[in-house]
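Have the structure open beside you while you read.

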Amino acid sequence: DEGAVPVPKEHGRYDPATISSDGTKMREQARLHIVQPDGPGFKIQGNLLTWERWEMRVSTFPFEGLVLHQVTWNADDGPRPILYRAGLGDMVVPYGSVACNHWWKNAFDSGEVGLAKLQNSLQRGCDCLGEILYLDAVQVSEDGQATIQPNVVCIHEEDHGILWKHYDMLSDTTEVRRSRRLVVSSIATVANYEYAFYWYFYLDGTIEHEIKMTGILQTQGTLPGETAPQSVKISRELAAPHHQHIFCFRLDFDLDGGPNTVSEVDVRPTPDAGPELNAFDTVKTTFKSELAAIRDVNPQASRSWLIENTARKNIAGSSVAYKLKPAPVTMLAHPNSAISKRAGFARHNLWVTPYDANQLHAAGDYPYQHPGGDGLSKWTEKDRGIENTDVVVWHTFGISHISRPEDWPVMPVEMVGFTLKPNGFFDRNPALDLAPARP
C-alpha cells in the first residue's frame with residue numbers, strides 16, 4: 001500500500017451516450033461503400049485460401065491464435081513454397097514501474113493465457129470493411145467441451161494505392177498499376193487490451209504482418225499536481241505506467257522447397273570511399289550456427305536478414321531469397337530480472353533455429369512455470385548448425401509504450417510490424433502481367 005488516493009472525479013467512459021451527455025455532438029462521417037461487382041478475387045475450399053498467385057491454409061491454434069500454413073506463390077511453371085508455417089511464437093507485456101501495483105505485471109498473453117479463446121467474433125462494417133468472408137473456429141473450453149467461435153478470422157481485399165508507375169517523357173505515355181492486397185486478420189481481447197493481427201499479401205510477392213494495439217490503459221491514481229515515477233500523467237488524477245508490448249513471430253521457411261540459409265546484410269560506407277567520398281556497399285554475413293544468429297536491428301546500417309535457397313539461382317546468378325525487413329524494440333528490463341530470464345526471446349530481435357516440431361513457443365511450453373532458461377535461450381545453447389538446412393526464423397519486435405493523454409480513455413491504434421520482401425526470388429517485377437485498371 002502506497003497510501004490513500006481519492007477516486008478520480010472524471011469519468012473514463014467512451015460510449016456514445018456518455019460522450020454526448022454533456023452536449024458534445026457526435027461526428028457523422030460520409031458513408032463509404034466498398035463494392036466488388038464481380039465478387040471477391042479470392043476463393044476458399046475448407047481452409048485452403050487462394051488469391052491471385054497466392055495460396056495458403058488458414059487456421060487458429062489455442063496459444064497462437066491465427067496461424068498460416070504452406071504459404072505458396074503459384075508461378076506459371078509451378079508452385080513455389082515460401083513459408084511452411086507462420087504465427088506468433090509468444091508475446092510478453094513487461095511493466096517498467098516500481099509501483100507496488102504494477103512491477104509484477106509481466107503477462108505472457110499468448111503462452112500464459114492463450115489467444116484463440118479470446119478472439120473476437122468480428123462484425124461487418126466495423127472490424128472489417130468490404131466484400132468479407134469470415135471463418136469460424138472450434139475451441140475446447142477448460143471443462144473439455146468443444147465450442148464454435150463464429151467469425152474469428154476475416155478475409156477481404158483492399159486497394160493499396162499504386163503498385164508501380166512511370167511516365168515516359170519521350171513517348172508521352174504513362175503506365176500505372178493499382179496495388180491490391182489480400183488481408184487475413186483476427187482480433188483478440190486480452191483483459192484491457194485488444195490485439196489485432198493482420199497478414200497482408202501483395203501482388204508483387206511482398207508479405208507483411210501488422211499488429212494494431214488498442215483498448216484501455218492500466219492506470220494508477222495520483223493526487224492533483226503530483227506525478228508518479230516511471231509513468232505519464234494522462235489526466236488530472238490518473239497516470240499510466242510505462243510498459244512494453246513485445247512479440248516474437250515464428251517463421252518456418254520452406255523457400256523453394258529448402259534447404260535454406262540465413263544471412264545478415266548491412267549497408268555501410270566502403271573503406272575506400274572513392275574520390276568523391278560517397279561510396280557505400282552491402283556487407284553480407286552468413287550465419288552458420290545458432291549463437292551467431294542471435295542478432296539485433298541496426299537502423300543506421302539499414303540492417304536486414306536474407307533467407308536464401310542457395311541451390312536455386314535467379315536470372316542474375318544469385319540465390320533466390322526473401323528479405324526480412326525487421327521492426328525494433330527488445331526487453332528493457334535488466335538481464336538478471338525475473339521477467340528477462342523467463343522471456344529470454346525478448347532480449348534480441350533475431351533468432352534462427354533448425355526445425356524441431358516440438359519447438360513452437362519462444363518462451364517454452366509453460367512460461368509461467370519456470371524461473372527462466374527455457375525456450376529460445378535454452379534451445380540455442382546447443383549452437384546447432386543452421387546453414388543449408390530446414391530453418392525457423394524468430395523475429396522479436398514491439399513497442400515501448402510511453403502513454404499519452406490522447407490514449408485515454410480508449411487508445412487509438414498503435415501499429416507495429418515487419419515485412420518479408422522478395423529479394424531475387426523473381427527474375428523481374430512479378431506484377432508486369434497485371435492489366436491496367438478498368439474505369
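1. Start with arginine 404, which is partly exposed at 35% relative accessibility. This is a predicted model, by the way. Arginine 404 makes a salt bridge to aspartate 407, with 2.9 Å between the closest N and O atoms.

2. The overall count is 22 salt bridges, and one of them pairs arginine 13 with aspartate 15 at 3.0 Å, N to O.

3. Have a look at lysine 284 and glutamate 308 too, whose side chains form a salt bridge of 2.9 Å, N to O. This one links distant parts of the chain: lysine 284 belongs to strand E17 (residues 280-286) and glutamate 308 to strand E18 (residues 304-313), 24 residues apart. Is each end buried or partly exposed? Lysine 284 is partly exposed, with a relative accessible area of 45%, whereas glutamate 308 is buried at 5% relative accessibility.

4. Now the hydrophobic side. The largest nonpolar core has 70 residues, and Trp54, Val184, Trp199 and Phe247 touch the most other members. Strand E5 (residues 78-94) contributes the most to this core, with 6 residues. A separate core of 18 residues lies apart from that one, with Val329, Trp351, Ala363 and Trp394 among its members. As a general reminder, nonpolar side chains in soluble globular proteins tend to be buried together.

5. Leaving out neighbours within four places in sequence, its contacts include Leu88, Met91, Tyr195, Phe197, Ile211, Met213, Phe397 and Val416. Asp90, His395, Thr396 and Gly398 are also in contact with phenylalanine 247. Phe247 is part of a cluster linked by ring pairs as well, together with Tyr193, Tyr195, Phe197, Trp199, Phe249, Phe397 and Phe418.

6. On aromatics, the search of the whole structure turns up 16 pairs. Take tryptophan 379 and tryptophan 394: their ring centres are 5.8 Å apart and their planes meet at 50°, so I'd call the pair tilted. Tryptophan 379 sits in helix H4 (residues 376-379) and tryptophan 394 in strand E21 (residues 391-401), so the pair ties together parts 15 residues apart in sequence. Tryptophan 379 is buried at 11% relative accessibility, and tryptophan 394 is buried at 0%.

7. Two arginines sit over rings. Arginine 80 lies over the face of phenylalanine 425, 3.7 Å from the ring centre. Arginine 85 has its charged end over the ring of phenylalanine 61, at 4.6 Å from the centre.

8. Last, the hairpins around strand E2 (residues 48-51). Strand E1 (residues 42-45) runs antiparallel to E2, with 4 bridges joining them, and lysine 43 stands opposite threonine 50. The E1-E2 hairpin has 2 residues between its strands, and glycine 46 in the turn has a positive phi of about 65°. On to strand E3 (residues 54-61): it is antiparallel to E2 and joined to it by 4 bridges, with leucine 48 opposite arginine 57. This hairpin also has 2 residues between the strands, and here glutamate 52 in the turn has a positive phi of about 50°.

Note on methods
Residues are numbered from 1 along each chain as its sequence is written. This is a predicted model: local features need pLDDT of at least 70, side-chain atom pairs count only at pLDDT 80 or more; totals for chains, interfaces and linings use all residues. Side-chain values use heavy atoms; hydrogens and water are left out. A salt bridge is a side-chain nitrogen of Lys or Arg within 4 Å of a carboxyl oxygen of Asp or Glu. Buried means under 20% relative accessible area, exposed over 50%, partly exposed in between (1.4 Å probe, protein chains only). A nonpolar core is a set of buried Ala, Val, Leu, Ile, Met, Phe, Trp, Tyr and Cys residues joined through side-chain atoms within 4.5 Å. Contact means heavy atoms within 4.5 Å. Rings of Phe, Tyr and Trp (its six-membered ring) pair if their centres lie within 6.5 Å; planes under 30 degrees apart count as stacked, over 60 as edge-to-face and the rest as tilted. A charge sits over a ring if NZ of Lys or CZ of Arg is within 6 Å of the ring centre and within 35 degrees of the ring normal. Two strands pair if DSSP finds at least two bridges between them.
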